[in-house]
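Please read the following briefing alongside the sequence and the coordinates. It takes up helices, a sheet and a few individual residues in turn.

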Amino acid sequence: MDRAPGLSARLRLTLSYAGFLMVAGALLLGAVWFFTLRHLPEYTTVSGGVLPRSILLRDLASAEAGALLFLLVFGLAGGWILAGRMLAPLTRITDATRLAATGSLSHRIRLPGRHDEFRELADGFDGMLERLEAHVAEQRRFAANASHELRTPLAISKALIDVARTDPGHDTGEVFERLHAVNTRAIDLTEALLALSRAEQRSFTRERVDLSLLAEEAAETLLPLAERLGVTVETCGDITPTAGSPTLLLQLTTNLVQNAIVHNRPGGRVRVETRVRPATVVLVVENTGERLTPRLVATLTEPFRRGTERINTGHAGVGLGLALVKTITHAHDGTLTLTPRPAGGIRVTVALPAT
Ligand SMILES: Nc1ncnc2c1ncn2[C@@H]1O[C@H](COP(=O)(O)OP(=O)(O)O)[C@@H](O)[C@H]1O
Ligand SMILES: [Mg+2]
């Protein structure tokens, strides 16, 4: 933004200091002048003889003028130095903002000294830089991972097509079958990416939704899959009214229930429960399965993070399921908690504001 150039803060502070000093000095000297006028007799006897009042007053006036001049110089010089010292942290903060504006987010102000307004500003700025840097790094990781994941099915398709082209005796039926599977996976991935960016934009209208109905719907849709994998699904709980996008919240419950079924063991169990608390509604999805460490569980919501690759189930997802759950939860001002169960499997809790 273009603004008219003004006096620097240092100069303004200096002038204020000097101005104050001058006013205080002038008042004091004025008081001295006034009392002298009132109490000085017409003639005063000093060591050298008798002096008339007018001469004494003239001396006093010139001494006072000298004192005022000294105060002016002292105020300006002292004010300049003091203001410089006061404003020094501001220069550091300004330098840091300039650096950040050029894209260098790794720089920190790290203002030394006691806690004051400047320190608070600098610490706040450092905190903001830290979050920004982490966010940018996360976005870069995401872009790199997404490109990699998108390239994989394309590379596999190319290899399949190349084989079919160079080897006429190849079983085309099998090639088509595999191409179809690879293609479906690429579409699933792209759709998951689209859903993620839509949820991130928060561009949905909020409607009244009953979370327990969505949980039941998700469980019902996924029942055939559960039966195929030998997993039992149990749903229970209260009516849980909340506000949000039914489509996104159905996606959230579906992802959680699907994960609970797929990342389970044969003969395992899934429990889906909805509860109402005073200010929140809670969805809990618990499942049996492998034992997981808290450290591993803490990373599972990162995009493209797969805990234990269970390729044998044939349901290797694209690795965006939990990332999407997290984004949808946050878009609805809710919280997502994942805790490993001591006996194996995990317990996922989604808490959303109640209506
Ligand atoms: N309910 C669950 N029980 C055990 N592990 C799970 C569960 N949900 C997710 N995981 C682990 O977290 C990883 C990431 O899950 P997700 O983001 O849905 O990706 P995907 O299911 O596509 O692999 C999974 O690969 C799995 O290892
Ligand atoms: Mg999944």
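**Helices, sheet and selected residues**

The cover over the buried residues of α3 includes α2 (53-101) and α4, where contact means heavy atoms within 4.5 Å, and buried means under 20% relative accessible area, exposed over 50% and partly exposed in between, with a 1.4 Å probe and protein chains only. This is a predicted model, in which local features need pLDDT of at least 70 and side-chain atom pairs count only at pLDDT 80 or more, while totals for chains, interfaces and linings use all residues. Residues are numbered from 1 along each chain as its sequence is written, chains are lettered from A and ligands numbered from 1 in the order in which they are written, and side-chain values use heavy atoms, with hydrogens and water left out. Helices (H or I, at least four residues) and strands (E, at least two) are DSSP runs, numbered from the N terminus.

- The 50 residues of α3 should span 74 Å at 1.5 Å a residue, and its end C-alpha atoms are 73 Å apart, which agrees; the expected span of a helix is 1.5 Å times one less than its number of residues.
- The buried residues of α3 are Ala 122, Phe 125, Asp 126, Leu 129, Ala 146, Glu 149, Pro 153, Ser 157 and Leu 160.
- At the start of α3, a side-chain oxygen of Asp 116 comes to within 3.3 Å of the backbone nitrogen of Phe 118. A polar contact is a pair of N or O atoms within 3.5 Å; within protein, one must be able to donate a hydrogen and the other to accept it, and residues adjacent in sequence count only if both atoms are side-chain atoms.
- Asp 167 sits in the loop between α3 and α4 and counts as partly exposed at 34% relative accessibility.
- Asp 167 and Glu 216 are 49 residues apart along the chain, and their C-alpha atoms are separated by 50 Å.

**Helix α4**

- Helix α4 (residues 172-201) has 30 residues, and the 43 Å from its first C-alpha to its last is close to the 44 Å expected at 1.5 Å a residue.
- Among the residues buried in α4 are Val 175, Leu 179, Val 182, Ala 186 and Leu 189, and the buried residues of this helix pack against α3 (117-166), α6 (246-262) and α8 (321-331).
- At the start of α4, the backbone nitrogen of Gly 173 has a side-chain oxygen of Asp 171 within 3.0 Å, while just after the helix Arg 202 takes a positive phi of about 55°.

**The five-stranded sheet**

- The open sheet of five strands has the order β4-β6-β7-β9-β8, with mixed pairing; two strands pair if DSSP finds at least two bridges between them.
- Because β4 (232-237) and β8 (335-340) stand at the edges, each with a single partner strand, one side of each is left without a neighbour in the sheet.
- β4 pairs with strand β6 (residues 269-276) in the parallel sense over six bridges, and Thr 232 stands opposite Arg 269 in β6.
- α6 packs on the sheet and touches β4, β6, β7 (280-287) and β9 (346-353), its direction making about 25° with that of β7. Axes are lines fitted to C-alpha atoms, for helices over the stretch in contact, and angles run from 0 to 180 degrees between N-to-C directions.
- α8 lies across β8 and β9 and runs at about 140° to β8.

**Helices α6 and α8**

- The axes of α6 and α8 come within 9 Å and cross at roughly 145°.
- Residues of α6 including Leu 248, Leu 252 and Leu 256 meet residues of α8 including Leu 322, Val 325 and Ile 328.

**Individual buried residues**

- Thr 253, in helix α6, is buried with a relative accessible area of 1% and, leaving aside neighbours within four places in sequence, is in contact with Leu 214, Ala 215, Ala 218 and Leu 283.
- Leu 256, also found in helix α6, is buried with a relative accessible area of 3%; not counting residues up to four places away in sequence, Leu 256 touches Leu 283, Val 285, Leu 322, Val 325, Val 348 and Val 350.
- His 332, in the loop between α8 and β8, counts as buried at 1% relative accessibility, and its side chain reaches the backbone nitrogen of Ser 245 at 3.1 Å.
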